[in-house]
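A short report in plain terms will do.

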Amino acid sequence: MAGSAEPLVISFGEMLIDFVPDTSGVSLAESYAFIKAPGGAPANVACAISKLGGHAAFVGKVGDDEFGRMLADILKKNGVNTDGVIFDTDARTALAFVTLRKDGEREFMFYRNPSADMLLKESELNIGMIKKAKIFHYGSISLISEPCRSAHLAAMKAAREGGALLSYDPNLRLPLWPSPDAARSGIKSIWSDADFIKVSDNEVEFLTQGGDAEKEDVCMSLWHDKLKGLFVTDGEKGCRYFTKKFKGRVTGFSVNAVDTTGAGDSFVGALLTAVARDPSIFDNEQKLREALTLANACGAICTTNKGAIPSLPTTKQAQEFISSYKAK
């Protein structure tokens, strides 16, 4: 666990239980048994930061039930500050059943009716803590319904007033939105507030309504004037980066993917840890490329085991992985 000398990165949003089939490559109906795994992209990011030696806090709501208490305990065990976690006595912790296809990619079925994370209210926010953040990170799932949407917007405003950089990973989950158009407009409704944004190649195609994510002009159509950085992840091919001063590609690492859950969150955690320590990274291409190489390694390592949080690497593990990969 990092000391408070490290700058505070707050992750806002959902935390839930993923039920992952114990056998890859079968449908949910064909699965005989499921492995219970803590999940939720913002929570994964918080744990990733803490495992990399950063100072992370999570803000969100879970049910006052066995699963909710378990999730809060997992955050604590991973060194994440839980002062912003609220327990709802009336709603259950969200569940997601995740099918792993043979290539390790996923399909989701969610149980939220409504779940506790959707019911977070602005009045429940730990505004004092939020205003201390160096970086405030969030996704788009918390924008889908009220009262959580209003709480999300209020938390962003408080973080900005406190001087935080705003980090956005839309983390598209189409089954949770009323329609693809609602998802697109919802995700874009806060687009221009972010200081930096991470999107996957699939999300680029979705947000640009079928644009070719490989093309620079398609990616740059998502740029806005306040952005310091736009990062596009391309799976095992690595990532691309666009800043006001430079742009490029950082090669990824090819591994035998077992479960891609949490790979993007591991990448984001590594990037946020680097930016929190040195915000001038957006003006120094060499430093940014080093940070993105480590982020790519963290993402790759995360896919080699089932479940996101247990698979998140430490800095030492990521550096050793990079060294051994280069030595091949």
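β10 contributes the most to the lining of the largest cavity, with 3 residues. The model is predicted, so to speak of its parts, local features need pLDDT of at least 70 and side-chain atom pairs count only at pLDDT 80 or more, while totals for chains, interfaces and linings use all residues. Residues are numbered from 1 along each chain as its sequence is written, and side-chain values use heavy atoms, with hydrogens and water left out.

The structure holds 1 cavity of 30 Å³ or more. A cavity is a set of points on a 1 Å grid over the protein atoms alone where a 1.4 Å probe fits but cannot get out, and lining residues have an atom within 4 Å of a point. The volume of the largest cavity is about 40 Å³, taken as the space filled by probe spheres set on the points, which are joined across faces, edges and corners. Its lining consists of His137, Ser167, Tyr168, Asp169, Phe196, Ile197, Lys198, Val268 and Leu271. Two or more of these residues come from each of β9 (165–168), β10 (196–200) and α8 (263–277). Helices (H or I, at least four residues) and strands (E, at least two) are DSSP runs, numbered from the N terminus.

A pocket, by contrast, is an open set with protein on both sides within 12 Å along at least five of seven lines. The second largest pocket is lined by 15 residues, and those nearest its centre are Ala274, Glu290, Ala291, Leu294 and Gln319. α8, α9 (285–302) and α10 (315–327) each give at least two residues to this lining, with α9 giving the most, 5 residues.

The table sets out the two spaces. Ala, Val, Leu, Ile, Met, Phe, Trp, Tyr, Cys and Pro count as nonpolar, Asp, Glu, Lys and Arg as charged, and the others, Gly among them, as polar.

| Space | Volume | Lining by class |
|---|---|---|
| Largest cavity | about 40 Å³ | 5 nonpolar, 2 polar, 2 charged residues |
| Second largest pocket | about 270 Å³ | 7 nonpolar, 4 polar, 4 charged residues |

Buried residues (under 20% relative accessible area, 1.4 Å probe, protein chains only) make up 56% of the 328 residues.

Key:
Buried means under 20% relative accessible area, exposed over 50%, partly exposed in between (1.4 Å probe, protein chains only).
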